[in-house]
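Please have the structure open while you work through them.

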Amino acid sequence: MTIRILIADDEALLRMAFSTVLEAQPDMAPVGEAADGTQAIRLARELRPDIVLMDVRMPGTDGIEATRQVIRISPQSRVLILTTFDLDEYAFAGLNAGASGFLLKNTRPEEFLTAIRSVAAGDAVVSPRITRRLLENLRPHIPDGSSADRDERLSRLSAREREVLVQVGRGLSNTEIAATLYLAEATVKSHLGRILHKLELRDRIQAVVFAYESRLIHPA
């Protein structure tokens with residue numbers, strides 16, 4: 001399957017560079033370019049891309065608001081935030097707006113391509129550091145509760161899937177979960193895919209939030 005990608009960045013040279021890298025991949029196809037957030041929203045509505053590479057700082061409608069609107073008008077599209085600045089507020093704002101990933105523009109090409117494939121496959125691309133900081137921000141807003149208050153959707157999961165979800169909720173990467181539960185990393189990915197499907201969640205970040213909101217994990 002070819003991953004259809006919309007590139008949104010106000011720098012023409014960067015758009016050209018991203019497009020050149022993507023065109024060289026047999027499973028990727030750039031389908032449009034936007035120079036600002038307003039164009040990104042319009043093209044997302046028209047093209048319905050699989051992935052939107054979204055710059056944060058653009059004239060007019062910025063990347064965060066554009067992400068929010070793209071997710072609303074094209075729910076099947078997944079947004080990967082790209083920025084020059086490693087700032088938590090950009091990551092949190094982007095994830096809160098519905099983005100499935102957050103990458104720096106100086107990420108190596110192979111990591112950049114892997115991130116696109118991961119997001120297209122339904123995973124999220126967020127560093128463990130960002131995930132853990134996200135949890136720190138969530139904890140004060142999640143009330144304590146008994147196991148009786150848990151979301152009924154938890155009953156859809158097997159015992160092993162619950163174990164994996166607990167570790168995801170704690171901010172562990174797939175590699176760390178594999179080591180903790182003595183599983184192959186590929187097995188962890190398979191479990192996570194089934195968890196997302198059964199719980200009707202978009203990606204890993206939503207799984208983290210669900211683990212807390214369902215009280216599978218209690219705030220520390």
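Angles under 35 degrees between axes count as roughly parallel, those over 145 as roughly antiparallel, those from 65 to 115 as roughly perpendicular, and the rest as oblique. The model is predicted, and the protein in it has 10 helices and 5 strands.

**Exercise 1.** Determine how α7 and α8 are oriented to each other.

*Solution.* Begin with the geometry: helix α7, residues 159-169, packs with helix α8, residues 174-181, at an angle of about 130°, and their axes lie 10 Å apart. Next, compare that angle with the classes above; α7 and α8 are therefore oblique to each other. Finally, consider the handedness, for α7 passes α8 in a right-handed crossing.

**Exercise 2.** Identify which residues in α7 and α8 meet.

*Solution.* On the α7 side, the residues are Arg 160, Glu 163, Val 164, Gln 167 and Val 168, and they meet Ile 177, Thr 180 and Leu 181 in α8. Sorted by class, this contact of α7 with α8 has 4 nonpolar, 2 polar and 2 charged residues.

**Exercise 3.** Locate the buried residues of α8 and say what they pack against.

*Solution.* First, list the buried residues of α8, which are Asn 174, Ile 177, Ala 178 and Leu 181. Because they cover an arc of only 100° around the axis, they are on the same side of α8. Lastly, turn to their partners: the buried residues of α8 pack against α7, α9 (185-199) and α10 (204-213).

Definitions and conventions
Residues numbered from 1 in each chain as written. Predicted model: local features only at pLDDT ≥ 70, side-chain atom pairs only at ≥ 80, totals over all residues. Heavy atoms only, no water. Axes fitted to C-alpha atoms, helices over the stretch in contact; angles between N-to-C directions. Helix = DSSP H or I, 4+ residues; strand = E, 2+ residues; numbered from the N terminus. Left-handed = near helix turned anticlockwise from the far one by under 90°. Contact = heavy atoms within 4.5 Å. Nonpolar A, V, L, I, M, F, W, Y, C, P; charged D, E, K, R; others polar. Buried < 20%, exposed > 50% of the residue type's maximum accessible area, 1.4 Å probe, protein only. Arc of directions from axis to C-beta.
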